[in-house]
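Please read them with the coordinates open.

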Amino acid sequence: CYLIDSALWEQTKPYLRLSPLPKKLIDLNSADSLALVALPGIGPRTAHDILLYRQRLGGYYSVAQLLDLRVVTKENYELFSEEFWCDSCKIRKIDINFAPPKELAEHPYITTPRLRKILLTRQTKGGWKGLEEFKKDDIFEDEEVEKLAPYFRFDSVVIE
């Protein structure tokens, strides 16, 4: 970085194009409460709820998931949503074929009736090979499957 006097600045100004430094986005899956409260529209309570929900989910795959929280309104979401990105590699996956019922029940996208269907079908069928089987087995609707896709894995052996 060089300093120039004001006369030289005025002479060269028409030929220079200065752009601001690119904004560094915050990874929603690794941000701590200090990073969150530093943003407009996020107070201590909102930061706490964002971190708690991240833990329950296993990580965020989309910034829009913040709208699932009661403490995040559309107005404050618009204030801070552009500050985030989500590293999907940090999402904790659930092995749907062998996960204990408690682990499945803790996920916010799995309701009690869905949990019952999962456990019953898993017991009788032995498991699944992919998400499409959930729709065929009438466990989840299309929209629910899309929401859950980042959180399930099917790499365990399924006995047929």
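Predicted model: local features only at pLDDT ≥ 70, side-chain atom pairs only at ≥ 80, totals over all residues.

1. Which residues does Thr 121 touch, not counting residues up to four places away in sequence? With contact taken as heavy atoms within 4.5 Å, the list is Gly 126, Trp 128, Asp 137 and Ile 139. Thr 121 and Asp 137 are 16 residues apart in sequence, and their C-alpha atoms lie 8.0 Å apart in space.

2. Residues are numbered from 1 along each chain as its sequence is written, and side-chain values use heavy atoms, with hydrogens and water left out.

3. On confidence, the protein chain averages a pLDDT (the predictor's confidence in each residue, from 0 to 100) of 89, and 93% of the residues score at least 70. The lowest confidence falls in helix H1 (residues 6-12), with a mean of 83, and the highest in helix H3 (residues 44-57), at 96. Helices here are DSSP runs of H or I with at least four residues, and strands are runs of E with at least two, numbered from the N terminus.

4. Thr 121 belongs to helix H6 (residues 112-125) and is buried, with a relative accessible area of 17%; buried means under 20% relative accessible area, exposed over 50%, and partly exposed in between, with a 1.4 Å probe and protein chains only. After H6 comes Gly 126, whose phi is positive, near 100°.

5. The loop between strand E3 (94-95) and helix H5 (101-106) holds Ile 96, which is buried at a relative accessible area of 0%. Among the residues that Ile 96 touches, leaving aside those up to four places away in sequence, are Leu 104, Ile 118, Arg 122 and Trp 128. Asn 97 lies in that loop between E3 and H5 and is buried too, at 4%; its side chain reaches the backbone nitrogen of Trp 128 at 2.7 Å.

6. Eight salt bridges are found in a search of the whole structure, a salt bridge being a side-chain nitrogen of Lys or Arg within 4 Å of a carboxyl oxygen of Asp or Glu. Lys 125 forms one with Glu 133, the closest N and O atoms being 2.6 Å apart, and another with Asp 137, at 2.7 Å from N to O. Asp 137 lies in the loop between helix H7 (132-136) and H8, and Lys 125 in helix H6, so this pair ties together parts that are twelve residues apart in sequence. Through shared partners, Lys 125, Glu 133 and Asp 137 are joined into one network. Lys 125 is partly exposed at 31%, as is Asp 137 at 28%, while Glu 133 is buried at 15%.

Technical notes. Polar contact = N/O pair within 3.5 Å; in protein donor to acceptor, adjacent residues only side chain to side chain.
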